[in-house]
Amino acid sequence: MPVAAGIIVDEYLATADPDISAIGDCALFASPRFGGSLRLESVQNATDHARCLAGRLTGDKKPYDGHPWFWSDQGDDKLQIAGLTTGYDRVVLRGSPANKAFSAFCYKGDKLLGIESINRAGDHMFGRRLQAMGRSITPEQAADESFDLKSALA
Ligand SMILES: Cc1cc2nc3c(=O)[nH]c(=O)nc-3n(C[C@H](O)[C@H](O)[C@H](O)COP(=O)(O)OP(=O)(O)OC[C@H]3O[C@@H](n4cnc5c(N)ncnc54)[C@H](O)[C@@H]3O)c2cc1C
């Protein structure tokens, strides 16, 4: 069974042996959404992989196309990430680092790759909904606290 930085699986999470699949942390999976292969270590990735594989095994064969997100409680702070920010070249802050409540909107060019939030659950949920809709907002809108994020979801 081919292995690189994880067990190599296709977009259906199947290894080269069609009777063996790999999911979760150990799976290096083909990702049409992001191009190339990904291996992610998060609860979201593991549970969404499991749902995808369970679907295939019960006759509903679909490629894995989950939107990555992550949360972690770090002491009193809640870290949440919507999207994959690898490869960003511009970061715009929304909120107040001094008050420990802010989000980093990470862009590559004009494309919003993801939002990394500290104690800003609303920004995180916004990011997940925005990505599910395949939409973006500009860096200027992200930095402007008077810009109503909900308007981008309407
Ligand atoms: C310290 C730490 C903190 C984390 N914090 C977060 C977080 O805040 N948020 C988040 O989203 N993710 C977090 N993660 C990552 C998250 O825990 C993993 O991504 C997730 O548990 C992966 O699920 P999995 O089922 O792929 O693997 P695992 O949860 O690792 O499950 C693999 C299972 O296989 C068993 N196993 C291993 N080898 C064998 C064997 N040979 N035979 C039989 N059984 C075997 C193991 O005992 C284990 O029970 C954290 C991970 C660590 C280590």
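In which strand is Leu 93 found? In this predicted model, Leu 93 belongs to strand S6, which covers residues 90-96.

The aromatic residues come next. A pair of aromatic rings is described by the distance of the centres and the angle of the planes. The structure holds two such pairs. In one of them, the ring centres of Phe 29 and Tyr 64 are 5.5 Å apart and the ring planes stand at 90 degrees, so this pair is edge-to-face, a label given to planes over 60 degrees apart. The partners come from distant parts of the chain, 35 residues apart: Phe 29 is in strand S2 (residues 27-30), while Tyr 64 is in the loop that runs between helix H1 (43-57) and strand S4 (69-74). Both sides of the pair can be followed into the buried class: Phe 29 has a relative accessible area of 2%, and Tyr 64 has a relative accessibility of 7%.

The rings of Trp 69 and Trp 71 make up a pair as well, with centres 6.4 Å apart. Their planes meet at 35 degrees, so the pair is tilted. Trp 69 is partly exposed at 24% relative accessible area, and Trp 71 is also partly exposed, at 39%.

Trp 69 has a further contact to look for: Arg 128 lies over the face of its ring, 3.7 Å from the ring centre. A charge over a ring is found at Tyr 12 too, where the charged end of Lys 61 sits 4.5 Å from the ring centre.

Finally, the backbone deserves a look. Leu 13 is not a glycine, yet it has a positive phi of about 70 degrees. This residue is in the loop between strand S1 (7-9) and S2, and its relative accessibility of 0% means that it counts as buried. Asn 119, likewise not a glycine, has a positive phi of about 55 degrees. Asn 119 is located in the loop linking strand S8 (111-118) to helix H2 (121-132). With a relative accessible area of 29%, Asn 119 is partly exposed, whereas Leu 13 is buried.

Notes: Residues are numbered from 1 along each chain as its sequence is written. This is a predicted model: local features need pLDDT of at least 70, side-chain atom pairs count only at pLDDT 80 or more; totals for chains, interfaces and linings use all residues. Side-chain values use heavy atoms; hydrogens and water are left out. Helices (H or I, at least four residues) and strands (E, at least two) are DSSP runs, numbered from the N terminus. Rings of Phe, Tyr and Trp (its six-membered ring) pair if their centres lie within 6.5 Å; planes under 30 degrees apart count as stacked, over 60 as edge-to-face and the rest as tilted. Buried means under 20% relative accessible area, exposed over 50%, partly exposed in between (1.4 Å probe, protein chains only). A charge sits over a ring if NZ of Lys or CZ of Arg is within 6 Å of the ring centre and within 35 degrees of the ring normal.
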